[in-house]
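Student: Hi! Could you walk me through this structure while I have it open on my screen?
Tutor: Happy to, let's look at it together.

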Amino acid sequence: MSENSNSGGIAWAGSLVGSQNPNNLGYRYSHTHKRFKKSDDDSAINTLPASVVVQIKNREGEDVGNLIDIPTNSDIDSMSALVHALLNPNDDDDDAKKIPYSFYAKVKRKGVEDDVEVTTTLSNLIMENDLGTEDVIILTYQPLAVFRVRPVTRCTDTMPGHTEAILHVSYSPDGRHLASGGGDTTVRFWDVNTNLPRFTCHGHKNHVLCTAWSPDCKKFASADKSGVLILWDPLQGKAKSTIKAHTKHITSIAWEPMHMNKDCDRLATASKDGLVKIWHARTNKLIATLSGHVDSVECVKWGGEGLLYTASRDRTIKAWCVEGHDPKDVGKLVRTFKGHGHRVNSLALSCDYVCRTGPYDHKCTKFASDEEAHQAAIEKYQSFKAGEPERMVSGSDDFTLFFWHPKESKHPIKRLTGHQQAVNHIAFSPDGRYFASASFDKKTKIWNGKSGDFLSTLHGHVGAVYQVAWSSDSRYLVTASKDSTAKLWEVPAGKRAKETLPGHADEVYALDWNPNGSSVATGSKDRTIKIWKH
């Protein structure tokens with residue numbers, strides 16, 4: 001907060017304050033007959049020292065520069081300029097200076113150290129969290145996306161074809177293909193450029209309940225209500241293999257991330273029969289059966305650190321080993337997470353987006369070989385992780401979420417309350433700074449992805465919120481609802497929708513934002529898919 005920001009004719013006259021001029025209270029009046037009362041906020045800020053000592057660190061925890069004395073009214077822009085100067089002391093290139101940063105301060109609350117984001121100025125952070133100004137404040141910086149995704153505002157195409165409700169739409173990791181599945185038992189592949197159908201694939205005999213692209217874009221998996229798993233070649237629209245995977249319906253599919261396996265040939269399926277199975281996509285062989293849950297497994301996620309996470313109606317989450325020199329290690333139970341009082345519906349990992357997209361980003365890069373793509377995926381994951389632990393959030397019918405560091409402890413870091421009905425879906429932003437939770441209470445909530453702190457509630461939908469999807473630059477969020485609309489929100493600032501995307505004639509079940517940022521696809525009970533662009 002700058003000293004001359006007070007409106008109403010007050011200007012700072014600090015040079016004449018104190019023993020030299022005892023009648024001057026530190027501000028003068030532009031009009032002799034007016035007197036202004038200082039607000040409580042101003043007096044609180046004026047009790048703070050003019051500067052504080054900070055130590056700036058990168059995400060790996062390494063010091064950048066020495067201890068620095070900076071003004072307490074420093075905002076994010078001025079601290080970003082400081083980081084640029086420390087990192088590039090001899091660099092005058094304007095483009096390099098355009099990288100935006102976010103800053104996190106280490107704050108101790110009830111004996112637990114949290115990362116709290118600096119949203120306005122250092123003085124506000126100090127007052128809100130009651131930090132001592134005599135101590136060194138540790139600030140960790142994180143680079144933000146340099147590119148900007150344009151907000152979607154209009155419907156450019158409506159794609160009919162399905163004859164029943166559409167339950168899933170998903171873009172391929174490279175953003176060049178769109179696939180959909182639903183109650184009419186078909187899987188359809190669409191041309192992203194023309195928004196016309198490419199292939200209609202018949203093979204399922206029951207509702208297609210879940211679908212997933214492999215990170216290398218060469219395989220597409222779909223599973224149905226009868227427990228049948230089909231692997232498709234999306235370029236030819238033909239089934240590569242059909243597997244009777246489970247005795248009851250399949251609820252979730254997860255592929256192994258590309259940075260861990262160049263061939264992307266392992267995937268996991270979870271089912272209502274209480275089992276999770278790991279399959280080899282090339283040989284169709286069952287690698288391992290993970291039994292331990294005593295009720296339906298609702299969600300499976302393949303982590304970036306060699307663990308597979310499963311959430312069940314039995315109120316537990318389990319972590320399983322999927323790496324190891326000995327094949328017998330695959331499928332061993334590592335730990336069980338307890339705490340929820342009702343079935344666990346959804347899981348989200350901080351690395352979900354980077355694992356889903358593999359080596360691909362907004363630049364739509366084409367790779368000369370699988371080896372080159374594998375190397376790019378490893379570099380992208382390492383740059384995203386940067387020494388931070390993998391974080392997990394679980395959502396439940398008990399209206400709460402739990403925040404975990406699953407590789408380090410079986411105990412939750414935080415219990416997050418606020419929703420008034422069951423939590424439907426959770427998704428981390430691509431950069432891991434935030435996560436969003438959608439609920440039957442018609443609200444979407446935004447939370448801090450590092451500490452689990454509540455940030456804001458997005459009001460606007462008049463029906464249950466079914467799904468959320470983030471833009472690849474983490475600045476926008478789209479939500480799909482029972483009220484037949486999707487809404488676009490600016491994060492973390494907007495509590496009211498930036499845009500409403502109307503047009504569907506019934507509930508919007510399915511939603512995805514293209515990883516290259518160009519468009520959003522929504523799928524509805526009205527049997528159509530709509531494409532939204534800027």
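Tutor: One definition to begin: a charge sits over a ring if NZ of Lys or CZ of Arg is within 6 Å of the ring centre and within 35 degrees of the ring normal. Please keep in mind that this is a predicted model.

Student: OK, which lysine lies over the face of tyrosine 104?
Tutor: That is lysine 450, at 4.9 Å from the ring centre of tyrosine 104.

Student: And rings with rings, how many aromatic pairs are there?
Tutor: The count comes to 14 aromatic pairs. Take phenylalanine 435 and tryptophan 447: their ring centres are 6.2 Å apart and the planes stand at 10°, so this pair is stacked.

Student: Where do phenylalanine 435 and tryptophan 447 lie?
Tutor: Phenylalanine 435 is in strand E30 (residues 434-439) and tryptophan 447 is in strand E31 (residues 444-448), so the pair ties together parts that are 12 residues apart in sequence.

Student: Is tryptophan 447 buried or exposed? And what about phenylalanine 435?
Tutor: Tryptophan 447 is buried, with a relative accessible area of 2%. Phenylalanine 435 has 0% relative accessibility and counts as buried too.

Student: Which residues do ring pairs link into a cluster?
Tutor: The cluster consists of Phe403, Phe428, Phe435, Trp447 and Phe454.

Student: Let's change topic. In the largest nonpolar core, which residues touch the most other members?
Tutor: Those are Val54, Leu122, Ile137 and Leu139, in a core of 22 residues. Two or more residues each come from strands E3 (51-57), E4 (68-71), E5 (101-109) and E7 (137-143), and from helices H2 (76-87) and H3 (122-128). E5 gives the largest share, with 4 residues.

Student: What is leucine 122 in contact with, leaving aside neighbours within four places in sequence?
Tutor: Its partners are Val52, Val54, Ile70, Pro71, Thr72, Ser74, Met79 and Leu139. Apart from this core lies another one, of 18 residues, and among them are Cys299, Ala311, Val344 and Cys351.

Student: What does E15 pair with in the antiparallel sense?
Tutor: One partner is strand E14 (residues 220-224), over 4 bridges. Within that pairing, serine 222 has isoleucine 230 as its bridge partner. E15 also pairs with strand E16 (residues 238-244), over 6 bridges, and there aspartate 233 is bridged to lysine 238.

Student: And the hairpins, which glycines have a positive phi there?
Tutor: In the hairpin of E14 and E15, with 3 residues between the strands, glycine 227 takes a positive phi near 90°. The hairpin of E15 and E16 has 4 residues between them, and glycine 237 in that turn has a positive phi of about 70°.

Student: Moving on, what is the strand order in the open sheet of 4 strands?
Tutor: The order is E33-E34-E35-E36, with antiparallel pairing. Its edge strands are E33 (465-470) and E36 (499-501), each pairing on one side only. From one strand to the next, the twist averages 20°.

Student: How many bridges join E33 to E34?
Tutor: There are 5 bridges between E33 and E34. Valine 468 stands opposite threonine 479 in E34.

Student: Where is serine 484 found?
Tutor: Serine 484 is in the loop between strand E34 (476-481) and strand E35 (486-490). With a relative accessible area of 19%, serine 484 is buried, because buried means under 20%. Not counting residues up to four places away in sequence, serine 484 touches His504, Asp506, Glu507 and Val508.

Student: Last one: what about valine 508, is it buried or exposed?
Tutor: Valine 508, in strand E37 (residues 508-513), counts as buried at 0% relative accessibility. Leaving aside neighbours within four places in sequence, valine 508 has contacts including Tyr466, Ala480, Ser484 and Thr522. The C-alpha atoms of valine 508 and glutamine 467 are separated by 8.8 Å, although these residues are 41 residues apart along the chain.

Definitions and conventions: Residues numbered from 1 in each chain as written. Predicted model: local features only at pLDDT ≥ 70, side-chain atom pairs only at ≥ 80, totals over all residues. Heavy atoms only, no water. Pairing = 2+ DSSP bridges. Core = buried A, V, L, I, M, F, W, Y, C linked by side-chain atoms within 4.5 Å. Buried < 20%, exposed > 50% of the residue type's maximum accessible area, 1.4 Å probe, protein only. Contact = heavy atoms within 4.5 Å. Phe/Tyr/Trp six-rings, centres within 6.5 Å; stacked < 30°, edge-to-face > 60°. Axes fitted to C-alpha atoms, helices over the stretch in contact; angles between N-to-C directions.
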